[in-house]
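Let me put the model up and walk you through a few spots I'd like us to look at together.

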Amino acid sequence: MSDVRVGRRVRRTLNRADGRIDLHIDGGSGWELARGEARRGGGFGIPAQFSDEFEVARFEGLGLGDGAAVLPVSPVSFRDFMLYEKHAVDAARGMVRRFIPAGYPVARAFEAVTRQTFPAFRPNKLWYQQPIYYLSNALTIVPSGTVVESPSYSGALDFELELGVVLGAPLRDASAAEAAAAIAAVVVINDFSARDVQLAEMRSGFGPQKSKHFASSMSETAVEAAGLVERLDELTASVRINGETVSRTGTRGMKFSIAEAIAHASTSEQLYPGELFATGTLPGGSGMEIGRWLAPGDRLRLEIDGIGVIEHDIGESKATA
């Protein structure tokens, strides 16, 4: 476990009786219900971007009952970076092993003889020059605890454990220091992926679409970023499936810091409070890397120590593929 001492935490719950989302704040002495301006502030100064009416309907549509934990922050956008070379290489190996099995022995033989990474497994050269990312669907992020199933068009559901941050101030043409100062909250993110669909979409030249946009998820709690931003590359993390720890990982090893990545995104582009940015998958934080694919009946638990936990039961798939 990492020795991370965090500041205040927030969580939100569904209040169906009053038609609103309740904000709870833990400053170190237990959870207290926020009222008045504190509730409308959305937590850590991040303004609430959606009406209570919209959010209540959204979470009721997921089947959540009264008092259920919802997203601690409902982001207005979601940019997902790929900051870990080890993840990129190991995920490429896993993709080939499952979906292009005839080519896998050739690649592994090359690596065994040369003691170098097979060239096709390495990220594109742009990856080494600047932080790269794709825009996902912020409105399909579901709370921890939601039952998740494979989309109807896929038979290869995977998870991706990531660190996420939410802006609390606007940015444009920011320096890394300015970007770091604008981070208000830190969360755990899970970027669900339909891997069999992803391969064809990536080859299209337009990047991931239906392979990613169907669902992502977020921890029940968000942690105040103040005092934590400078340690975001020191956190430890783990993946458990059905009670068994299948991966131990952490946030070390980013090619670019999350602040550098946000600064890059702000170049000639206006960023606003409430926007979500994720690091991309931590090394060993996906099933494709470790050879453990999700199946109906599985219980998934993703944790970043000191930040939060994501848990899901995996439901029966309606896959037609």
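So, helix α2, residues 52-60: here E55, V56, R58 and F59 are buried, where buried means under 20% relative accessible area, exposed is over 50%, and partly exposed sits in between, with a 1.4 Å probe and protein chains only. Those four cover an arc of only 160° around the axis, which puts them on the same side of α2; the arc is taken from the directions from the helix axis to the C-beta atoms. And what do the buried residues of α2 pack against? That would be β1 (9-15), β2 (20-26) and β6 (141-143), with contact meaning heavy atoms within 4.5 Å.

Quick housekeeping. It's a predicted model, so local features need pLDDT of at least 70 and side-chain atom pairs count only at pLDDT 80 or more, while totals for chains, interfaces and linings use all residues. Residues are numbered from 1 along each chain as its sequence is written, and side-chain values use heavy atoms, leaving out hydrogens and water. Helices (H or I, at least four residues) and strands (E, at least two) are DSSP runs, numbered from the N terminus.

Now the sheet. Four strands make an open, antiparallel one in the order β14-β13-β16-β17, and two strands count as paired if DSSP finds at least two bridges between them. β14 (244-250) and β17 are the edges, each pairing on one side only. From one strand to the next the twist averages 10°, using axes that are lines fitted to C-alpha atoms and angles from 0 to 180 degrees between N-to-C directions.

Going across, β13 (residues 236-241) is joined to β16 by five bridges, and β16 (residues 299-304) to β17 by six. R301 is a handy landmark in β16: R240 stands opposite it, and its bridge partner in β17 is E311.

Last stop, the hairpin. There are three residues between β16 and β17, and G306 in the turn has a positive phi of about 85°. D305 and A237 are 68 residues apart in sequence, yet 5.8 Å apart in space, C-alpha to C-alpha.
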